[in-house]
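Below is a brisk report on one protein model.

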Amino acid sequence: MSAPEPDTAASLARIAAALDRLSPPPPAPADPLAHPAYVWRGGALAAARVFAPLSLGLLSGIDAQKAALLENARRLAAGHAAHDVLLWGSRGAGKSALVKAVVGALQAEGAGIALIEVAGDRLESLPALFATIADAPRAFVLFVDDLGFEDGGAGPRLLRSLLEGGAEARPANARLHVTANRRHIVPRDLAEQDSAINPRDVIDDKLALADRFGLSLGFHVCDQPTYVAMVAGYAATLGLEFDPQDAIAWATQRGSRSGRVAWQYVVELAGRHGRSLV
């Protein structure tokens, strides 16, 4: 076969260059020892652009959950036995913020630990992540936020296998930290129970996933004094004065009291005073 003519070769080179620009090679995976937080994306670690967790001291009204999660993560960072964690309960109660704040607090102490965020619809790729970090001399909190499953999917059984008993169970230096609004993650379908030959088997299968987590922490709707205390903590940090009755009215308009609503009120307060949150 003869070599292409010069004009043809130049055209092919231009076409190849254009294709490279349209579909560039994937970026190199991030070094698992170099960054405080990562995102598991496209089968590779990517360094989180910004990791700015709240101070643990700002998270009020969840002292028991805070102490338990911090102690468990401290054990993980030290290479000791530690649990996978399920944080469940009310929306905006501080579940996600607490996971990040604990990792940030331990990093400030000099502990060798990092956070890796994993999307809930990418659980099937976790074995590849396990292989990536298994030999790294560092601990990892694998953070799956706001997890929920639809009935009939394979997700619950996959996660159960990853947590315990499967061939691809997570390595000793990594533990899953999952947040969910439901205590048992999987919805309990009463119609399915009624139609089953043995309804108890259906219930047990639904509960089996939550049982795989060694540490389960519940988060509940806070009362009014706790909500006001949350606002006070945020406002004091930013040097803002506030009227408790105004903060309560804000929560009433939103229809709920939570750490998230408290923070949103303080954002509103800062905006009224022409302040930034930086």
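## The largest pocket

A pocket is found on a 1 Å grid over the protein atoms alone: it is an open set of points where a 1.4 Å probe fits, with protein on both sides within 12 Å along at least five of seven lines. Lining residues have an atom within 4 Å of a point. Volume is the space filled by probe spheres set on the points, which are joined across faces, edges and corners.

The largest pocket holds about 430 Å³. It is lined by 22 residues, and Gly 92, Ala 93, Gly 94, Ala 97 and Arg 260 are the closest to its centre. Helix 3 (95-108), strand 6, helix 8 (224-238) and helix 10 (259-272) each give two or more residues to the lining.

## Basis of the values

This is a predicted model: local features need pLDDT of at least 70, side-chain atom pairs count only at pLDDT 80 or more, and totals for chains, interfaces and linings use all residues. Residues are numbered from 1 along each chain as its sequence is written, and side-chain values use heavy atoms, with hydrogens and water left out.

## The sheet and its helices

Helices (H or I, at least four residues) and strands (E, at least two) are DSSP runs, numbered from the N terminus. Two strands pair if DSSP finds at least two bridges between them. Seven strands form an open sheet with mixed pairing, in the order 2-1-4-5-6-3-7. Strand 2 (44-47) and strand 7 (215-219) are the edges, each pairing on one side only. On average, neighbouring strands are turned by 25° against each other, direction ignored.

Strand 4 (residues 113-117) and strand 5 (residues 139-144) run parallel, joined by five bridges. Leu 115 has Val 141 of strand 5 as its bridge partner. Helix 4 (residues 126-133) packs on the sheet, and its direction makes about 160° with that of strand 5. Axes here are lines fitted to C-alpha atoms, for helices over the stretch in contact, and angles run from 0 to 180 degrees between N-to-C directions.

## Two buried residues

Asn 173 sits in the loop between helix 5 (155-163) and strand 6 (174-180). Its relative accessibility is 13%, so Asn 173 counts as buried (under 20%; exposed is over 50%, partly exposed in between; 1.4 Å probe, protein chains only). The Asn 173 side chain reaches the backbone oxygen of Arg 138 at 3.0 Å.

Ala 251 belongs to helix 9 (residues 244-254). Ala 251 is buried too, at 4% relative accessible area. Its C-alpha atom is separated by 6.5 Å from that of Val 261, ten residues apart along the chain.

How values were computed: A polar contact is a pair of N or O atoms within 3.5 Å; within protein, one must be able to donate a hydrogen and the other to accept it, and residues adjacent in sequence count only if both atoms are side-chain atoms. Contact means heavy atoms within 4.5 Å.
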